[in-house]
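The sequence and structure are shown first.

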Amino acid sequence: MTNNITLTMIKPDAVSKGYIGKILGEITEAGFAIAAMKLTQLTKADAERFYAEHKGKGFFDELVEFMTSGPIVAAVLKKENAVEDFRRLIGSTNPENAAEGTIRKKYAESMSKNAVHGSDSDASADREAHFHFADREIFA
Ligand code: ATP
Ligand code: MG
């Protein structure tokens with residue numbers, strides 16, 4: 001396992017507001033290359049599996065409901081130190097606490113509708129990349 005990929009999703013709030021282009025612009029300007037990408041919509045079973053680590057938490061049902069509410073953009077991003085650098089680029093989970101200039105500060109509206117996802121470890125990045133894409137679709 002390497003440290004050069006991360007998995008992002010542009011979440012339904014940001015897609016419905018027309019922010020796909022702006023967010024992809026921020027991501028590529030920051031030095032990430034797109035290694036895989038698609039517009040898709042998660043089913044309830046997909047969202048429950050993707051976010052399985054949060055099952056049982058108070059916000060889980062709301063999270064699944066929101067993440068299945070409309071299309072998302074899923075993408076594998078490539079860059080040295082991708083996971084850590086991407087989480088710095090997107091900012092804190094709660095946009096109220098996100099640093100100036102971060103994607104969540106600019107485009108997120110709340111803790112649940114927070115515009116983007118970023119993997120939290122190299123192991124998660126690998127699992128999440130293969131959740132959305134076949135090996136032959138990942139140009140990493
Ligand atoms: P993500 O995994 O989407 O990149 P994250 O790693 O910053 O976000 P997690 O702790 O993994 O945050 O939570 C997953 C998602 O669940 C968050 O992005 C957020 O939308 C939602 N969430 C987390 N905590 C809460 C909460 N206390 N109230 C409402 N929603 C929450
Ligand atoms: Mg997370």
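## The largest nonpolar core

The largest nonpolar core of this predicted model comprises 23 residues, of which M9, L42, Y51, M67, V76 and F133 touch the most other members. Several helices and strands contribute to this core: the strands β1 (5-10), β2 (33-40) and β3 (72-78), and the helices α3 (44-50), α4 (60-67) and α7 (122-132), each supply at least two residues. The largest share belongs to α4, which provides five residues.

In soluble globular proteins, nonpolar side chains tend to be buried together.

V76 is one of the core members with the most contacts to other members. Leaving aside residues up to four places away in sequence, V76 touches I5, T6 and L7, then A33, I34, A35 and A36, and also A129, F133 and I138. Among these contacts, F133 is likewise one of the core residues that touch the most other members.

## Surroundings of ligand 1

Ligand 1 is surrounded by 13 residues, and the closest are K11, H54, T93, N114 and H117. The side chain of H117 places an N or O atom 2.9 Å from an oxygen atom of ligand 1.

Backbone atoms also take part in polar contacts. A polar backbone atom of G118 is 3.0 Å from an oxygen atom of the ligand, and a polar backbone atom of S112 is 3.4 Å from an oxygen atom of the ligand. Taken alone, ligand 1 exposes 570 Å², of which the protein buries 79%.

How values were computed:
Residues are numbered from 1 along each chain as its sequence is written. Chains are lettered from A and ligands numbered from 1 in the order in which they are written. This is a predicted model: local features need pLDDT of at least 70, side-chain atom pairs count only at pLDDT 80 or more; totals for chains, interfaces and linings use all residues. Side-chain values use heavy atoms; hydrogens and water are left out. A nonpolar core is a set of buried Ala, Val, Leu, Ile, Met, Phe, Trp, Tyr and Cys residues joined through side-chain atoms within 4.5 Å. Buried means under 20% relative accessible area, exposed over 50%, partly exposed in between (1.4 Å probe, protein chains only). Helices (H or I, at least four residues) and strands (E, at least two) are DSSP runs, numbered from the N terminus. Contact means heavy atoms within 4.5 Å. A residue is near a molecule or strand if one of its heavy atoms lies within 4 Å of it. A polar contact is a pair of N or O atoms within 3.5 Å; within protein, one must be able to donate a hydrogen and the other to accept it, and residues adjacent in sequence count only if both atoms are side-chain atoms. Accessible areas come from the Shrake-Rupley method with a 1.4 Å probe; for residues, only the protein chains shown count as cover.
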